[in-house]
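Good morning, everyone, and thank you for making time for this.

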Amino acid sequence: MAVTVWILGDQLLQEHPALSLAEKDVSGNGLRVLMIESQERAQRHPYHQKKLVLLFSAMRHYAEKLRNTGFEVDYRISSTTSMAIENHIQSHHPEKIYTMAASEYRGRVFQENLQEKFKIPVKLLPNTQFLVGRYDPYPDPDPDKRYLQENFYREMRQYFNLLIGPDGQPSGGAWNFDKNNRLRLPKDVQPPVPISFKADEITTSVIEEVEQKYIGIGQATGFDYAVTHEAAQSAADDFFDNRLADFGAYEDAMSNTHGTLFHSRLSPYLNLGLLEPLKLAQEAEKRFLDGKAPINSAEGFIRQLVGWREYIYWQYWRMVPGIDEANFFNARRELPQMFWHSNTQLNCLQKVIWRALNDGYTHHIERLMILSNFCLLAGIAPQEVNAWFLSAYIDAYEWVMLPNVYGMGLYADGGQISTKPYISSANYINKMSDHCRNCSFDHKLRSGVTACPYNYLYWNFILTHEDTLKTNPRMGRSLLGLRRFDSNQREQIKEDTGKFLESLA
Ligand SMILES: Cc1cc2nc3c(=O)[nH]c(=O)nc-3n(C[C@H](O)[C@H](O)[C@H](O)COP(=O)(O)OP(=O)(O)OC[C@H]3O[C@@H](n4cnc5c(N)ncnc54)[C@H](O)[C@@H]3O)c2cc1C
């Protein structure tokens, strides 16, 4: 019997469940793998050129690995996915298609309609890329209820037995060491440079193709990411050996000189299936148990992986379809042009946008407290912000972007993901970074042409949304701050904000 296993581009798993099942069913002969590079999909946004290189090169390396282990692979570069499947069926006449559920809504709906559309039996297997597929703490969530990330995280830690002592209590005596994880970067520190990878023949030809065919953000040249399981594992080893120990302490720090700091930079590989979240979490635990990393670093990293990453995926499936229409603060402004070229006098924004456009990567606090904080305070429409993030970042996929942008970043979901809007004035940026040191604006001033825009934007946001924010007990301190301002000062905040926003082309 001839069967096809369709492997999606972001499902490059070492153990692919559709492949394993099909192998059992047809025991050898007649099994063919289908992989598709869809040009329509790759042009849906002006994706970062390095992202397209990563995706296509990793797919082609995966296909090559399968071929080397004896599989027949039909690798198609096609204008659309539908056309590729149709042509594949016409050429090879499979009697059945096996595939694993897509991590994104649109892809999954497409798979669910596959049988009907192509008149062929389809075996759609559950997605195994996420740990919530193995253990879902809330299998039937109440649509009206808010589910706190902290509770979700603790459930996941217990279920997967990560940093849990023999007494069933969390290692180190607490679930959370966030209070140790807010250090500013010391002046002379030189964070280790992450490992980089030389382009081989496959990658070099993908770089040329992407440069010729796609008009995306940034440049494909200079691409130095891993594109195989082995290389991605080396990137993980490099993180565990050289950066994990300081990950916790400087998790929230930002620097004008250094981009990655002590972050793992592993999200691009996790999101493609080149690395597995549980293995990484277990390795972080091992480093703690071996005395190689302090508890605040191991716990901090595990929290990001099995707490945040899984929670975000879980929330995505709870909120689609529809999350991309959410706009709690009714933000309508267009995204300023500086997001596409990084020319701005604001030193922090300039540096972080520049990093995103060049590299396709910035670390979490830069995404949250520089970029989305600015967009939230400036009232940029969530759809515009989301489209930019989806285009700019090498690790961007809809399942992770929508909840992070609409939920965590902009609070457009009205608080399903975060318990309060993540907003701050220049005070936080100055506390956690050296960006303000060489900036044209003064982080201490609240009004006037030299005042840092984050300051008046922050107070303007609180003034504008005072009634809504009053209902959130976690906003109490920020609202109390308003009492300092008389009516003239309030007017001044609005005037400065208006002038600044008008100046944004
Ligand atoms: C506005 C906004 C947009 C974001 N867009 C993306 C995106 O497109 N793709 C993406 O993978 N992450 C996204 N994130 C989450 C997070 O910023 C990145 O996962 C992280 O910065 C990746 O860098 P790292 O691998 O060095 O992470 P580390 O700091 O080393 O963290 C370890 C891992 O934890 C996971 N993680 C941590 N926080 C989150 C989170 N909030 N959501 C999902 N996973 C998380 C990632 O897999 C990451 O690799 C976004 C966050 C915000 C606020």
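This is a predicted model: local features need pLDDT of at least 70, side-chain atom pairs count only at pLDDT 80 or more; totals for chains, interfaces and linings use all residues.

**A walk through the chain**

Lys119 sits in the loop that runs between helix 6, residues 114-118, and strand 5, residues 122-125, and its phi is positive, at about 50°, although the residue is not a glycine.

A second residue with a positive phi that is not a glycine is Asn161, where the angle is about 55°. Asn161 lies in the loop between helix 7, residues 149-159, and helix 8, residues 201-213, and with a relative accessible area of 48% it is partly exposed.

While we are on the backbone, I would also point out the peptide bond leading from Val320 to Pro321, which is cis, with omega near -10°. Pro321 belongs to the loop between helix 13 (295-319) and helix 14 (338-341).

Let me now step back to the whole chain, which has 23 helices and five strands. Its radius of gyration is 24 Å, close to the 23 Å that the globule rule gives for 505 residues, and the chain is therefore as compact as a globular protein of that length. Along the principal axes, the C-alpha trace spans about 80 × 55 × 45 Å.

Of the 505 residues, 58% are buried, while the accessible surface of the chain comes to about 22100 Å², with 47% of that belonging to carbon and sulfur atoms. If we take the contacts between residues at least 6 apart in sequence, 76% of them join residues that are at least 24 apart. As for charge, the chain carries 54 positive and 60 negative charges, and the mean positions of these two sets are 5 Å apart.

How is the chain divided into domains? The domain assignment gives domain 1 as 3-129, domain 2 as 133-194 together with 243-319, and domain 3 as 338-503. The centres of domain 1 and domain 3, taken over C-alpha atoms, are separated by 40 Å, and the contact between them takes twelve residues from domain 1 and 16 residues from domain 3.

I would next like to look at Asp246, whose place is in helix 10, residues 244-247. This residue is partly exposed, with a relative accessible area of 32%. Leaving aside neighbours within four places in sequence, Asp246 is in contact with Phe262 and Ser297, and its C-alpha atom is 7.9 Å from that of Ala293, a residue 47 places away along the chain.

Finally, let us turn to helix 17, residues 382-392, where eight of the eleven residues are buried, so that this helix is largely enclosed by the rest of the structure. Which residues of helix 17 are buried? They are Pro382, Val385, Asn386, Trp388, Phe389, Leu390, Ser391 and Ala392. The cover over these buried residues includes helix 3 (49-68), helix 14, helix 15 (347-359), helix 16 (364-378) and helix 18 (398-409).

Definitions and conventions: Residues are numbered from 1 along each chain as its sequence is written. Side-chain values use heavy atoms; hydrogens and water are left out. Helices (H or I, at least four residues) and strands (E, at least two) are DSSP runs, numbered from the N terminus. The radius of gyration is taken over C-alpha atoms; the globule rule is 2.2 Å times the number of residues to the power 0.38. Buried means under 20% relative accessible area, exposed over 50%, partly exposed in between (1.4 Å probe, protein chains only). Contact means heavy atoms within 4.5 Å. Accessible areas come from the Shrake-Rupley method with a 1.4 Å probe; for residues, only the protein chains shown count as cover. Lys and Arg count as positive and Asp and Glu as negative; His and the chain ends are not counted. The place of a charge is taken as NZ of Lys, CZ of Arg, CG of Asp or CD of Glu. Domain bounds come from an automatic or database domain assignment.
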